[in-house]
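Here are a few exercises to work through with the model open beside you. Take them in order, and try each one before reading its solution.

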Amino acid sequence: VNFVEPFAGGASVGLSLLLAGKVQELYINDLDYGIYALFYVIKTCPWALLEKIESFTPTKEAYKISQHVLQQGYESLDIVDAAWHLLAVNRMAFSGIPKANCMSNPAARWNKDTLKKRILNINAHAEHLHVSCMDACKFIEEMYWKSNTTIFIDPPYEAAGKSLYMKHYENDDHVRLAVLLDELYKGMPGADMLLTYDDSEYIRNLYCFPVTETIGRKYSIAN
């Protein structure tokens, strides 16, 4: 069984399934280079992150430095440093959101032993973890034809995307995704697809899939 996440983010769903032995192969993709870098480094050379975690003291000043790196698109950084700054921002930001402010206590979610254990647990499944950094639509189109595959598609929110993601979607991007999924669904049978979105009138008008469920969820951002 293959599980595919074209918009990986934290890849919490896929990683939970892989670590629980519910799927054999996990394919995660994200166009955000930092997200790609983090999972690639965890898969191939986790000790590089473990050393940094061991010697790091979380502070608001350190957060600002790492957040600036993300805002500059990881310019001139090697893959390990890109992975590190993404991890640092994720653990110190409010709700882990890169565009949010640092938490009042930046050490609140920085438990180095827990972080190191999590990284090693993921690395233990490295041969079954596949990481890529490409356009999500192209990735979906490739993965759709794999047998025994479920694609979990969780694109950037339409309403709040610019406030949440470094790589947000414009309206044209949402349309392009909708057209692709519609063409795949109406064409030849392929992978099972599960799509999750924020509930907006714009998105509802884009999709006409056979089964739609509304699930109540709330999120907030500290500016």
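**Exercise 1.** Work out the strand order of the open sheet and find its edge strands.

Solution. Start with the order: five strands run E3-E2-E1-E4-E5 in an open sheet, and the pairing is parallel. (Strands are DSSP E runs of at least two residues, helices H or I runs of at least four, numbered from the N terminus; two strands pair if DSSP finds at least two bridges between them.) Next, look for strands that pair on one side only: these edge strands are E3 (129–132) and E5 (192–195).

This is a predicted model, where local features need pLDDT of at least 70, side-chain atom pairs count only at pLDDT 80 or more, and totals for chains, interfaces and linings use all residues. Residues are numbered from 1 along each chain as its sequence is written, and side-chain values use heavy atoms, with hydrogens and water left out.

**Exercise 2.** Zoom in on how E2 and E3 pair.

Solution. E2 (residues 25–29) joins E3 through four bridges, in the parallel sense. For one of the partners, pick Ile 28: across from it in E3 sits Val 131.

**Exercise 3.** Describe how H7 packs with H9.

Solution. First, the geometry: H7 (residues 136–143) and H9 (residues 171–186) pack at about 10 degrees, with axes 10 Å apart. (Axes are lines fitted to C-alpha atoms, for helices over the stretch in contact; angles run from 0 to 180 degrees between N-to-C directions.) So H7 is roughly parallel to H9, a label for angles under 35 degrees. Then sort the contact residues: six are nonpolar, none polar and two charged.

Note on methods:
Angles under 35 degrees count as roughly parallel, over 145 as roughly antiparallel, 65 to 115 as roughly perpendicular and the rest as oblique. Ala, Val, Leu, Ile, Met, Phe, Trp, Tyr, Cys and Pro count as nonpolar, Asp, Glu, Lys and Arg as charged, and the others, Gly among them, as polar.
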